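This briefing covers salt bridges, helix packing and nonpolar cores in the structure shown below. The points are grouped by topic.

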Amino acid sequence: MTEPSVIPAIAVAVEVAGALLFGVAAGSKLRQPGVCRDQLEAYGLLPLALTWPVAILIPVVEGFAVVVLPYDAKLGAALAAGLLLLFAAAIGVNLLRGRTEISCGCGFDAPSRGLSWTLVLRNLAMAGVLGLAAQAPPARAGAWWLAALAGA
């Protein structure tokens with residue numbers, strides 16, 4: 001039996017971390033959709049009529065990325081990275097407007113922290129790492145949850 005490549009193992013670790021991150025984020029937003037809507041409204045990037053639909057859509061897409069990651073790493077990582085890039089852009093626009101007091105919306109259970117360029121860089125870095133992980137050789141054939149649990 002051949003040894004598994006370290007690159008796919010790292011990719012699996014990144015995908016699991018991404019799934020956990022977006023699972024927690026989606027759960028937090030779905031538990032408190034009003035808070036999510038209020039935060040979207042505070043960002044001032046959408047017409048008010050769209051804040052409720054988008055407040056529901058974001059955690060649905062986050063949850064979809066979590067479900068898709070084990071079966072199609074490229075699609076799941078693309079969804080997750082796309083969301084991270086979207087969030088980085090929204091934070092960046094508000095920072096350029098001088099609005100640092102807005103809650104980032106990263107997780108409602110965590111203490112509120114204002115917006116910063118560090119958050120933009122963090123989201124860009126996470127999007128990049130997810131994108132790289134999705135490019136790893138597909139040595140897991142859709143069942144990396146079981147492979148990770150089995151220690152493969």
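**Salt bridges**

Asp38 and Arg37 are joined through their side chains by a salt bridge, with N to O at 2.6 Å. The model is predicted, and a search of the whole structure finds three salt bridges.

- Arg37 also forms a salt bridge with Glu41, at 2.9 Å from N to O, so that Arg37, Asp38 and Glu41 are linked in a network of salt bridges.
- Arg37 and Glu41 are separated by about one helical turn, because they lie four residues apart in helix H2 (residues 33-43).
- Arg37 is buried, with a relative accessible area of 19%, whereas Asp38 is partly exposed at 40% and Glu41 is partly exposed at 37%.
- A salt bridge also joins Lys29 and Glu62, whose closest N and O atoms are 3.1 Å apart; this pair links distant parts of the chain, Lys29 in helix H1 and Glu62 in helix H3, 33 residues apart.
- Both Lys29 and Glu62 are buried.

**Packing of H3 and H4**

- The axes of helix H3 (residues 48-68) and helix H4 (residues 73-96) come within 7 Å and cross at roughly 145°, and the crossing is left-handed.
- Residues of H3 including Ile58, Glu62 and Phe64 meet residues of H4, among them Leu75, Leu79 and Phe87.
- By class, this contact has ten nonpolar, one polar and one charged residues.

**Nonpolar cores**

- The largest nonpolar core has 17 residues, and Phe22, Ala77, Ala80, Leu84 and Leu130 have the most contacts inside it.
- Helices H1 (6-31), H3, H4 and H5 (117-134) each give two or more residues to this core, and H4 gives the most, with five residues.
- Apart from this core lies another, of ten residues, including Ala88, Leu95, Ile102 and Val120.

How values were computed:
Residues are numbered from 1 along each chain as its sequence is written. This is a predicted model: local features need pLDDT of at least 70, side-chain atom pairs count only at pLDDT 80 or more; totals for chains, interfaces and linings use all residues. Side-chain values use heavy atoms; hydrogens and water are left out. Axes are lines fitted to C-alpha atoms, for helices over the stretch in contact, and angles run from 0 to 180 degrees between N-to-C directions. A crossing is left-handed if the near helix is turned anticlockwise from the far one by less than a right angle, and right-handed if clockwise. Contact means heavy atoms within 4.5 Å. Ala, Val, Leu, Ile, Met, Phe, Trp, Tyr, Cys and Pro count as nonpolar, Asp, Glu, Lys and Arg as charged, and the others, Gly among them, as polar. A nonpolar core is a set of buried Ala, Val, Leu, Ile, Met, Phe, Trp, Tyr and Cys residues joined through side-chain atoms within 4.5 Å. Buried means under 20% relative accessible area, exposed over 50%, partly exposed in between (1.4 Å probe, protein chains only). A salt bridge is a side-chain nitrogen of Lys or Arg within 4 Å of a carboxyl oxygen of Asp or Glu.
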